[in-house]
Amino acid sequence: MAKKKSIFVCQSCGYESPKWMGKCPECGQWNSMVEELDFSKQGSKENIRERGVYSKPKSLAEITYTGDTRYPTSNEEFDRVLGGGIVPGGMILLGGDPGIGKSTLLLQTTEALGNQGYKILYISGEESEQQLKMRAERMKVKSEKISFLSEINIPYLLTIILEERPDIVIIDSIQTMYSPDISSAPGSVSQIRENTGALMQLAKKDNIAMVLVGHVTKDGAIAGPRVLEHMVDTVLYFEGEKYHAYRILRGVKNRFGSTNEIGIFEMTENGLQSVANPSEMMLDSRPENTCGSVVVPCIEGSRPLLIELQGLVSPTGFGNPRRMATGMDYNRMVLLLAIMEKRLGIQMQSVDAYINVVGGIKVDEPALDLGVIAVLYSSLRDFQIPGDLMILGEVGLTGEVRNIQHIEKRLIEGKKLGFKRCIIPKGNQKGLKIAGMTILPVDSIRSALDILL
């Protein structure tokens, strides 16, 4: 019998080496190399034929759809991010911080799918069957089409899935799954890679939709090898602040739909509820007659979203002024402060500056630039920005205000919520007509501040 060869695999990035090393040359992590069996050179042609890898190529005319093209979840926000529903044979990877609501969202989704007649198998490697029942009763999950299983052994799970033949399989979580053929512990790079590959082969061959829950690292990325995100069809991230009730489901990869969509949910006692009008939700508690507050219409995916942007400037008590940005890129804020100092002649080195995007969401688009400068200047000079005025525009290094996209969609959303005026880039004014809204075009940050004053 041939001796099985072993290799050393980095548990952080998946780098492979024939010998042990204290520091991974790929990612620079120390003491991350773990000895594992080398499966890459095992398997003869006969074994490949037994696995059914060989198949004849077909033309597009010979390939036909069988059954439904999507399974709608009856959750408008979830379906929006997925592109219309769960695709049969597709693999979805859902990641997020602990306690953010991943299992809650999936459990509610199973109830909706079960009521439509789809057969669902919910596999948990983190909870016992009794614990699953307690949580299901709290979430009022009663569908008879849902089966629960507490197991982590992958070969046994593959057998159960073939016997049960469910339409959808949910695995919570992929990091807890274990294959006895691999010597490393659950959650290691080899375990995650091989187990996901086995599940993917079953999903594609038998047209079974699978949803995998993934743990995240302290940096917010899904734990395990990066190849995990390449293997699946859809990657979703569940975002939100721990002490905020609102959650954002963001698609970063989707082979069957757009990757620019987001879904917004509210965490309640009865679980996650879809937010039909997120703009109204974001502006619900906006203060009146206050300096350093403005509304900026942003675009998240295909939908416009009005957010409240707050700024605070105060004299610094330290040698180095303090800067803090919540909900936007810190480096972008520092860049805008430098533009204010250079182009407006304001000494920002003697003041602390803070920016906050209200609602616990993160915005990463250049249309926020002009609003950031406006709220900081408002707080510095202690004047109020009118409550019926919106501000948007990208700011360049020379102080010019540059064009942005989807301007009409943003203004229409603002008009629905009662805004009557908007400062926009001058280049976006051509051909723009919004009844009932006054357009104030500007070409530089100085002209924008002149309008405010």
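This is a predicted model: local features need pLDDT of at least 70, side-chain atom pairs count only at pLDDT 80 or more; totals for chains, interfaces and linings use all residues.
Modeller: Residues are numbered from 1 along each chain as its sequence is written, and side-chain values use heavy atoms, with hydrogens and water left out.

Colleague: Why is the pair of Tyr122 and Phe148 called tilted?

Modeller: A search of the whole structure finds four aromatic pairs, where rings of Phe, Tyr and Trp (its six-membered ring) pair if their centres lie within 6.5 Å, and planes under 30 degrees apart count as stacked, over 60 as edge-to-face and the rest as tilted. The centres of Tyr122 and Phe148 are 5.7 Å apart and their planes stand at 50°, so this pair is tilted. Tyr122 belongs to strand S5 (residues 120–124) and Phe148 to strand S6 (residues 146–150), 26 residues apart; strands (E, at least two residues) and helices (H or I, at least four) are DSSP runs, numbered from the N terminus.

Colleague: What makes Tyr122 count as buried or exposed?

Modeller: Buried means under 20% relative accessible area, exposed over 50%, and partly exposed in between (1.4 Å probe, protein chains only). Tyr122 has 0% relative accessibility and therefore counts as buried, whereas Phe148, at 28%, counts as partly exposed.

Colleague: Why is the pair of Phe238 and Phe265 called edge-to-face?

Modeller: Their ring centres are 6.0 Å apart and their planes stand at 80°, so the pair is edge-to-face. Phe238 lies in strand S9 (residues 234–239) and Phe265 in strand S11 (residues 262–268), so the pair ties together parts that are 27 residues apart in sequence. Both Phe238 and Phe265 are buried.

Colleague: What makes S6 and S12 the edge strands?

Modeller: Two strands pair if DSSP finds at least two bridges between them. The open sheet has nine strands in the order S6-S5-S7-S8-S4-S9-S10-S11-S12, with mixed pairing, and S6 and strand S12 (271–274) each pair on one side only. Within this sheet, strand S4 (residues 91–96) runs parallel to strand S8 (residues 209–214) and is joined to S8 by five bridges, and Leu94 has Val213 as its bridge partner in S8.

Colleague: How do you know that the buried residues of H4 line one face of the helix?

Modeller: In helix H4 (residues 129–138), the buried residues are Leu132, Arg135 and Ala136. Seen down the axis of H4, they fall within an arc of 100°, so they line one face, the arc being that of the directions from the helix axis to the C-beta atoms. The face turned away from this buried side carries the exposed residues Gln130, Lys133, Met134, Glu137 and Arg138.
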